[in-house]
Amino acid sequence: MTLPVLIEPDLDFIAQISSDSGLNLKKCYQCATCSVACTISHDDRPFPRKEMIHAAWGLKDRLIANPDIWLCHNCGDCSTLCPRDARPGDVLNTLRKMSIKEYSKPAAMHRLFNDRRKLPWLFILPAMIIMTMGLVTGLMNLSPGGDRIVFAHFFPVPLIEMIFIPLSLGVTLVFFQGIRRFLKDMQATDARLGKTAPGPLDLKRFLITLITQLPAIIKHEQFSFCSENKGRKISHMMVAFSFTSLAFVAGAFVFALYVLNSHGPYDQINPVKILANVSGIALIAGSLLLIRERRANARQTNGYFDWYLLGLALFLGITGMLTQTFRLAEISWAAYSMYFIHLLFAFNLVAFLPYTKLAHLVYRTVAIAYYHYTKKEKLSPHS
Ligand code: SF4
Ligand code: SF4
């Protein structure tokens, strides 16, 4: 006997997708060309056709906690081949943004990122926090002087720690809560649809799956299957590796300071310094390539959310390299000023990590691991 299915559309959700993506969801007539065109869509869980009908019906619970929207790497192949110009790739991109908004709390933070008129506040707020901390503690020295330009004389390491350690802990907590709810919702939805057996997540097996998937994620293997935007793999990898290696560089300098009692500035031929410089250049070059590719792809929907991260990555790299250039040129006022601006971009990157597009690194990794985790316990291939 076939059980009747009750569809309860969330009209606000439909309106939100349409306004965020600028697309008409009614264009899709369910031909499934997109699911056939998508080379990374899996046989047991094809997408994005089903996401298109779920979006048109306003089935929020089947989309926001849906790992399939994160398997998509936004190559645009499906959008190019869609006979109705319904732009399924862009709809999935919008759903990912809505998923980040759903899981990274508080929701008020997202309002800062959905309104370009609030952009100045994303720098005014960090400037106010950094200046207040620096002046209240008395650690910030606005006229460092001396023969050499040493940033620690202007902005000492304890002050950086006082600002960035609590910030990083807060961001980790936001992600922890978001991932916990995301996993719970994915499980609940799959169990309700009969795709997986109900029951708690086997954390050990999930973490093993996550670790085994990491090499493929790091190597951007899925990007190789795309044809429309294949070149994006290089630029995307350049930016991703720059962020990772710059985080490693920061860790290495902390290690040098506390364990080896070694203070900067370091020689340009120091291996860690070389890595920092190469990463800084790769960050600028990768960001510029991504911007060029986005601009060239006029058919792709590019929102403020997408541009914000690219701009942030680009200026983080530029201010970092300029800071060093001014230091080497011994123009102290320019070096210290640029260092402060660079700190603002770094603060912005860390503090707002769960709310910007960069959060997709975390949610996509979790979703891919969850997909592979559930593959072994599928009950039914149908959605
Ligand atoms: S989005 Fe386009 S290709 Fe996909 S099912 Fe709808 S009409 Fe067909
Ligand atoms: S944008 Fe690319 S990866 Fe995403 S669903 Fe379409 S074809 Fe698949």
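This is a short tour of a predicted model, one selection at a time.

Before you click, some conventions: residues are numbered from 1 along each chain as its sequence is written, and chains are lettered from A and ligands numbered from 1 in the order in which they are written. Because the model is predicted, local features need pLDDT of at least 70, side-chain atom pairs count only at pLDDT 80 or more, and totals for chains, interfaces and linings use all residues, while side-chain values use heavy atoms, with hydrogens and water left out.

**Colour by confidence**

Start with pLDDT, the predictor's confidence in each residue, from 0 to 100. The protein averages 87, and 94% of its residues reach 70 or more. Now select residues 379–383, where pLDDT stays under 50. For this stretch the model has twelve contacts (heavy atoms within 4.5 Å) beyond four places in sequence.

At the interface, 35 residues of domain 1 touch 39 residues of domain 2. About 3500 Å² is buried between the two, with carbon and sulfur atoms giving 53% of that; buried area here is the accessible area (1.4 Å probe) that two parts lose on being put together, summed over both.

**Follow the charges**

Side chains of opposite charge can pair when their charged atoms come close. A salt bridge is counted when a side-chain nitrogen of Lys or Arg is within 4 Å of a carboxyl oxygen of Asp or Glu. The structure holds twelve of them, and three cross the interface of domain 1 and domain 2. Select R181 and E102, whose side chains form a salt bridge at 3.7 Å, N to O. Next, pick D20 and K97, paired at 3.6 Å, N to O. D20 sits in helix α1 (residues 11–21) and K97 in helix α7, so this bridge ties together parts 77 residues apart in sequence. Helices (H or I, at least four residues) and strands (E, at least two) are DSSP runs, numbered from the N terminus.

**Visit the ligands**

Centre on ligand 1 and show its shell, meaning residues with a heavy atom within 4 Å of it. There are 14 residues here, and the closest are C28, C31, A32, C34 and C82. Helices α2 (33–37) and α3 (49–57) are the elements that give two or more residues to this shell. Its residues divide into ten nonpolar, two polar and two charged. In this scheme Ala, Val, Leu, Ile, Met, Phe, Trp, Tyr, Cys and Pro are nonpolar, Asp, Glu, Lys and Arg are charged, and the others, Gly among them, are polar.

Move to ligand 2, where 13 residues form the shell and C38, C72, C75, G76 and C78 come nearest. Here α6 (77–81) and α7 (88–103) each supply at least two residues. By class, the shell of ligand 2 has eight nonpolar, four polar and one charged residues.

**Check the backbone**

Most residues other than glycine have a negative phi, and most peptide bonds are trans. Zoom in on F47 and P48, joined by a cis peptide bond with omega about 10°; P48 is in the loop between α2 and α3. The bond from K105 to P106 is also cis, with omega near 0°, and P106 lies in the loop between α7 and α8 (108–113). Finish at N74, a non-glycine residue with a positive phi near 55°, in the loop between α5 (68–71) and α6.
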